[in-house]
Amino acid sequence: MIEILSVKVVPNIDVKDSPYYNKELDDKLSEIRNGNLSFISEVNAYLDIMNYILDFASANKIKNPEELNDRIVDDAIENIVDDFETCILNSADAKCDEVIIIDYLDRLIDTFELSEICYLNMVRLKCNLLFKLKQFAEGEKLMFDLMNEMPDSVWPYVELVDDFLEFNNKEKALFYYEKGLKNALEDLDALEERADYFK
């Protein structure tokens, strides 16, 4: 049961002096950082940490993740979110339960008002996982919605190019490559770096 607390941001407090500090979760974070866990154990440890943080934030009606930086565990919340994303993306042949990760991403996005780059990365990760589940139409729709939210951004196009290339659909990848070059206004070099795939 997550206790509802009055959360006050106190600058320069040591995390272990925080009334919200959770030693068990902080120890799990240390194990992850020490590189002592298998891929599955690492994913489960991240899920334990983040689900606790999301429960705590929901119970306390906290929308800004910065309010919990160095309060529950010894790190900023978005750092943990980013590291978890890297863990999933770098898993290579290791298998995780994509449905569980998607559920976590939905909770994360619903709970916190993430920074723009963190939000963008989480939605792109969800798209990638939907593709792994062969839910291509759902992944495309997710990126269409992101294109509408961020019309200048190249990253929804980059995601669809990469995901369709990964699943050997060069025709669709080329479609989004050309569409991105035409419509996006920022970071076009990220698409242009993929030009060799279409020669």
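In this predicted model, the side chains of lysine 172 and glutamate 140 meet in a salt bridge, with 3.0 Å from N to O. The pair links distant parts of the chain, since lysine 172 sits in helix H8 (residues 170-183) and glutamate 140 in helix H6 (residues 136-149), 32 residues apart. Lysine 172 is partly exposed at 31% relative accessibility, whereas glutamate 140 is buried at 11%.

The count of salt bridges comes to 12. Three of them are listed here.

| Glutamate 159 | Arginine 124 | 2.9 Å |

Aspartate 27 and lysine 23 are four residues apart in helix H1 (residues 23-33), about one turn of the helix. Aspartate 27 is partly exposed, with a relative accessible area of 35%. A network of salt bridges links Arg33, Asp75 and Asp83.

Glutamate 159 forms a salt bridge with arginine 124; glutamate 159 belongs to helix H7 and arginine 124 to helix H5, so the pair ties together parts 35 residues apart in sequence. Glutamate 159 is buried, with a relative accessible area of 6%, and arginine 124 is buried at 14%.

The axes of H5 (residues 116-132) and H7 come within 10 Å and cross at roughly 20°. The two helices are therefore roughly parallel to each other, and H5 passes H7 in a right-handed crossing. Residues making the contact include Cys127, Asn128 and Phe131 of H5 and Asp163 of H7.

Aspartate 163 lies in H7 (residues 155-166). Aspartate 163 is buried yet has no salt bridge, and the nearest side chain of opposite charge, lysine 132, is 6.2 Å away.

Terms used. Residues are numbered from 1 along each chain as its sequence is written. This is a predicted model: local features need pLDDT of at least 70, side-chain atom pairs count only at pLDDT 80 or more; totals for chains, interfaces and linings use all residues. Side-chain values use heavy atoms; hydrogens and water are left out. Buried means under 20% relative accessible area, exposed over 50%, partly exposed in between (1.4 Å probe, protein chains only). Lys and Arg count as positive and Asp and Glu as negative; His and the chain ends are not counted. A salt bridge is a side-chain nitrogen of Lys or Arg within 4 Å of a carboxyl oxygen of Asp or Glu. Axes are lines fitted to C-alpha atoms, for helices over the stretch in contact, and angles run from 0 to 180 degrees between N-to-C directions. Angles under 35 degrees count as roughly parallel, over 145 as roughly antiparallel, 65 to 115 as roughly perpendicular and the rest as oblique. A crossing is left-handed if the near helix is turned anticlockwise from the far one by less than a right angle, and right-handed if clockwise. Contact means heavy atoms within 4.5 Å.
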